[in-house]
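Please read the points below alongside the sequence and the model. They are meant for someone meeting this structure for the first time.

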Amino acid sequence: MKPSELIKRIESGAADGELKRVYVTDSAVENQKPRYIRTIKKFIELFGDDRDVSILSAPGRTEICGNHTDHNNGQVLAASINLDAIAVAAKNDDNMIHEKSEGHEMNVVDLSDLTPDKAYFGRSASMIKGIAAGLKKEGYKIGGFDACTTSDVLGGSGLSSSAAFEVLLGNVLSYLYNDGGIDAVTIAKAAQYSENVFFGKPSGLLDQMASSVGTFVTIDFESTENPVIKKIDFDFSKSGHSLCIIDTHGNHSDLTDDYAAVRSEMESVAKAMGKNVLREIPADEFFRSIPKLVDKVNDRAILRAVHFYNENTRVEKAVNALRHDDFEGFKKIITESGFSSYMYNQNVFTSKKPTEQKLSLALCLSQQLLEGKGAWRVHGGGFAGTIQAFVPNEYLENYRQTMEAVFGKGSCYVLIIRPVGGTKII
């Protein structure tokens, strides 16, 4: 369908069914339409109106439990959310990718050269190149395309805006060149490969997998080649709670070393015990070995390993609570996860700037407001950015007003859980 025809389809309501499959409610669909039309018009402005285009989407994700466990082959509980990245895309014949993100310069990638270059680490074009390289490495077809993209996933929020962008690009290549035949797990792995090898960020697989697969999922990374993914049959809308993400607007720059240290310190414990990652070592063996480890690794590494093992157990307990509709028990587990991240994993503020503790302040206020009622924890990678809270609906407005009085208007996001991951919409 030509871009101008697509605009008419959206404006007339003929696309409402496709949009509702992703955005769930009628009001959410109406809110999305101007964004979609704006992105299509930008495509027409840059690339013309003479080719058939597709619209694709990939969601941000919220980590429910399993903080910093994925990179040591642990378990996580996550969910896709209604904030997403979208692309209006069409094939071209020049073996080049032209991608224009709203508010950013055009990215141009030559697919004849798919080698990583450290000089270009941290650039979106490298991320795009890495996705193409990762999918080609797995035997899939790649080719040139023109695309306009936009995202309402908050950058630096712990909602994984980069993973949503990566998964989005993977879906563009899947639907334009492989008839939508690249499975969600493969796209997630290509996205992680891109981020690690081409973008230069040593991330685990959680963000990409949760975005790509969608809805409530538990993911066991004991085998990174074949992670065990299970969807959770739980209707959060009936819990009587709202899921809030609070953006504390903390300084989220220059934290790559902090994130990398969590992984490397956990792995230093594993290597001191003759293994590569903590999941290869039974929990009871680790705890028996702590006296010997004290002389081999730093103290924080041991504390972070303690967090890993207990957090893995909490994921199992949280999943079990949801499956048995025990939301009160679930909230206690989530709060325990938050305290463990604070005390043992120590990813609530960076030691580079110990006086900047906006996440700590948000957690403190949440405890004052929600203790005995809801749950709260650091969200995502930590060190800056966001916290997560499960707030009883009767306290939601007071909670929102209090947090926004401290962190600014619009800083408290009330989210819904999206039922699908990366997908072609129209």
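1. A salt bridge is counted when a side-chain nitrogen of Lys or Arg lies within 4 Å of a carboxyl oxygen of Asp or Glu. Glu397 and Arg400 meet this rule, with their closest N and O atoms 2.3 Å apart. The two residues are three residues apart in helix 13 (residues 396-407), so about one helical turn separates them. Glu397 is partly exposed, at 39% relative accessibility, and Arg400 is partly exposed too, with a relative accessible area of 23%. Please keep in mind throughout that this is a predicted model.

2. How many salt bridges does a search of the whole structure find? The count is 27. One of the salt bridges joins the side chains of Arg263 and Glu267, at 3.1 Å from N to O. Both residues belong to helix 8, where they are four residues apart, about one turn of the helix. Arg263 is partly exposed, with a relative accessible area of 23%, whereas Glu267 counts as buried at 15% relative accessibility, because the limit for buried is under 20%.

3. The side chains of Arg304 and Glu265 meet with an N to O distance of 3.0 Å. Arg304 lies in helix 10 (residues 299-323) and Glu265 in helix 8, so this pair ties together parts that are 39 residues apart in sequence. Arg304 is buried, with a relative accessible area of 1%, and Glu265 counts as buried at 9% relative accessibility.

4. Which residues are linked in a network of salt bridges? Arg35, Asp84, Asp152 and Arg418 are linked in this way.

5. Lys271 is a further residue of helix 8 (residues 256-272). Lys271 counts as exposed, at 54% relative accessibility. In sequence, Lys271 and Leu363 are 92 residues apart, and their C-alpha atoms are 33 Å apart in space.

6. The next points concern aromatic rings. A pair of such rings is described by the distance of the centres and the angle of the planes. The model has 15 aromatic pairs. Phe286 and Phe287 form an edge-to-face pair, 4.9 Å centre to centre and with 65° between the planes. Phe286 is buried, with a relative accessible area of 0%, whereas Phe287 is partly exposed, with a relative accessible area of 35%. Phe308 and Tyr309 also form an edge-to-face pair, at 5.3 Å centre to centre and 85° between the planes. Here Phe308 is buried, with a relative accessible area of 0%, and Tyr309 counts as buried at 7% relative accessibility.

7. Ring pairs also build a cluster, which links Phe216, Phe234, Phe236, Phe327, Phe330 and Phe390. Elsewhere, charged side chains sit over rings. Lys91 lies over the face of Tyr177, 4.8 Å from the ring centre. Lys373 lies over the face of Tyr395, 5.4 Å from the ring centre.

8. Strand 9 (residues 375-378) deserves a separate look. Which way do its side chains point? Ala375 and Arg377 point one way, Trp376 and Val378 the other way, and all are buried. In a regular strand the side chains alternate between the two faces of the sheet. Strand 9 pairs with strand 10 (residues 386-392) in the antiparallel sense, over four bridges. In this pairing Val378 stands opposite Ile387 in strand 10.

9. On the surface, Leu46, Met106 and Val108 form a nonpolar patch, with about 220 Å² of accessible area together. Val108 is found in strand 4 (residues 106-110). Val108 is partly exposed, with a relative accessible area of 45%.

10. Is Ser237 buried or exposed? Ser237 is exposed, with a relative accessible area of 61%. Ser237 lies in the loop between strand 7 (228-231) and strand 8 (241-247). Ser237 and Val294 are 57 residues apart along the chain, and their C-alpha atoms are separated by 46 Å.

Notes. Residues numbered from 1 in each chain as written. Predicted model: local features only at pLDDT ≥ 70, side-chain atom pairs only at ≥ 80, totals over all residues. Heavy atoms only, no water. Patch = residues over 30% accessible without salt bridge, like charges linked within 9 Å, V, L, I, M, F, W, Y side chains within 5 Å. Areas by Shrake-Rupley, 256 points an atom, 1.4 Å probe, with all protein chains shown as cover. Buried < 20%, exposed > 50% of the residue type's maximum accessible area, 1.4 Å probe, protein only. Phe/Tyr/Trp six-rings, centres within 6.5 Å; stacked < 30°, edge-to-face > 60°. Lys NZ or Arg CZ within 6 Å of the ring centre and 35° of its normal. Pairing = 2+ DSSP bridges.
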